Amino acid sequence: MSQTTSAAAGAAVRPAARGSGAMDGARVAAAIALRDLRAVARARSQLYSSVLTPLMLLVFLGNGVSQGLEPSRLPAGDFTAYLVAGTVVMTSVFSSTFSSASYYRDRDSGFLRLLLSSPHDPRTVLLGKSLAALLIGAAQAFLVLAVAAPFVDFGWQHGMAAGFGLALLTVVLLNLMLTGLAQALATRVHSMQGFHLVMNLALFPLLFFSGAFFPVDGLPAWMKVLAYVNPLTYAVDALQLATYATGSEGFIGYGVDFAVLAVLGAAVYALGFSRLPTLTWSGQ
C-alpha cells in the first residue's frame with residue numbers, strides 16, 4: 001500500500017477510535033464517501049465517458065430516427081424527446097457499475113481491510129462506499145437531463161421546476177436501487193471481472209425491455225410481461241411523466257413507479273448488509 005493510501009486510511013480510521021454511536025458512524029461513512037467522490041473527480045475519463053456517451057446517443061440516434069422515420073406514433077411525437085428518459089436511466093446504469101468498482105480496488109490494495117479492522121460496524125464502511133456511488137450516479141444522470149432539456153421540446157406538464165424535481169426524485173430512487181444491487185453483488189462476487197459480467201448480464205438487457213428506446217405497448221405479450229417485472233421500466237415511466245407527458249393516460253403512474261423503486265432499493269440494501277465482504281484478492 002502506498003504512503004498516500006496509508007495516510008488517507010489513517011485519517012478515515014483514527015477518528016473512529018475516539019467515539020461511538022450513530023453520529024460517529026455517520027461521520028465515518030461520510031469520510032469514506034468523500035474519499036470515493038474525490039477519486040472519481042480525479043478520474044476525468046470516467047466522468048467524460050459516463051456523461052458524453054449517453055448524450056452522443058441522444059444526439060445522433062434521436063435526431064437520426066426522428067428525421068428518417070418520423071415516429072409520430074410516439075407519445076412525445078419526437079424520438080429525441082422520447083429517448084431522454086432512456087439515456088438518463090442508461091447513465092445511472094453505467095455510473096453504478098463503474099463507481100462500484102472502487103470496492104474491488106480498495107479490497108485488493110488493502111485499504112478495505114484497514115477500514116474493516118476499525119472499531120466501526122463493517123456496514124458503516126459499506127454504507128459510505130455506496131453513498132458515494134449513489135451521489136455520483138444521481139449527479140451524472142441529472143446532468144444529462146439538464147444538458148438535454150434546453151434542446152428538446154418537453155411539455156413539462158407540472159411546470160419546469162416541478163418537473164425537474166420529480167425527475168431528480170426518480171433519479172435518486174433509481175440510483176439507490178442500482179447502488180444497493182451493486183453492493184449486494186460486490187459482497188458475493190469475488191472478482192471485478194465477475195462483478196462486471198453479472199452487472200452487464202443483469203442490467204443492460206433490461207434497458208431494452210424498459211421502454212427506454214421504444215414503447216412497450218406494441219410488444220408481444222411475453223415481452224410485456226418482461227417489461228412490467230423490470231424495475232427500470234418504472235424509472236423510465238416516471239421520467240417520461242415528468243418531462244414530455246401531457247397527462248397520465250397510457251403511463252403507469254408516479255405512485256406505482258416510486259413505490260417499486262423505493263421498495264426494491266430498500267430490499268437490495270438489506271440484502272447487501274446481510275452479508276459482510278470477504279477479504280480475498282481479486283479472482284480468489
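Helices here (H or I, at least four residues) and strands (E, at least two) are DSSP runs, numbered from the N terminus. With that in hand, let us look around the model.

This is a predicted model: local features need pLDDT of at least 70, and side-chain atom pairs count only at pLDDT 80 or more, while totals for chains, interfaces and linings use all residues. Residues are numbered from 1 along each chain as its sequence is written, and side-chain values use heavy atoms, with hydrogens and water left out.

**The cavity**

A search of the whole structure finds 2 cavities of 30 Å³ or more. A cavity is a set of points, on a 1 Å grid over the protein atoms alone, where a 1.4 Å probe fits but cannot get out; lining residues have an atom within 4 Å of a point. Grid points are joined across faces, edges and corners, and a volume is the space filled by probe spheres set on the points. Two or more lining residues come from each of α2 (22–42), α5, α7 and α8 (160–186), with α7 giving the largest share, 6 residues.

**Salt bridges**

The structure holds 2 salt bridges, each a side-chain nitrogen of Lys or Arg within 4 Å of a carboxyl oxygen of Asp or Glu.

| Pair | N to O distance |
|---|---|
| Lys129 and Asp106 | 2.5 Å |
| Asp121 and Arg123 | 3.4 Å |

**The nonpolar core**

A nonpolar core is a set of buried Ala, Val, Leu, Ile, Met, Phe, Trp, Tyr and Cys residues joined through side-chain atoms within 4.5 Å. The largest one has 62 residues, and Val88, Val89, Phe154 and Leu232 touch the most other members. Helix α4 (residues 79–99) gives the most to this core, 11 residues. Beyond its neighbours within four places in sequence, Phe154 is in contact (heavy atoms within 4.5 Å) with Ala81, Val84, Leu145, Ala149, Thr243 and Tyr244.

Terms used: Buried means under 20% relative accessible area, exposed over 50%, partly exposed in between (1.4 Å probe, protein chains only). On a 1 Å grid over the protein atoms alone, a cavity is a set of points where a 1.4 Å probe fits but cannot get out, and a pocket is an open set with protein on both sides within 12 Å along at least five of seven lines; lining residues have an atom within 4 Å of a point.
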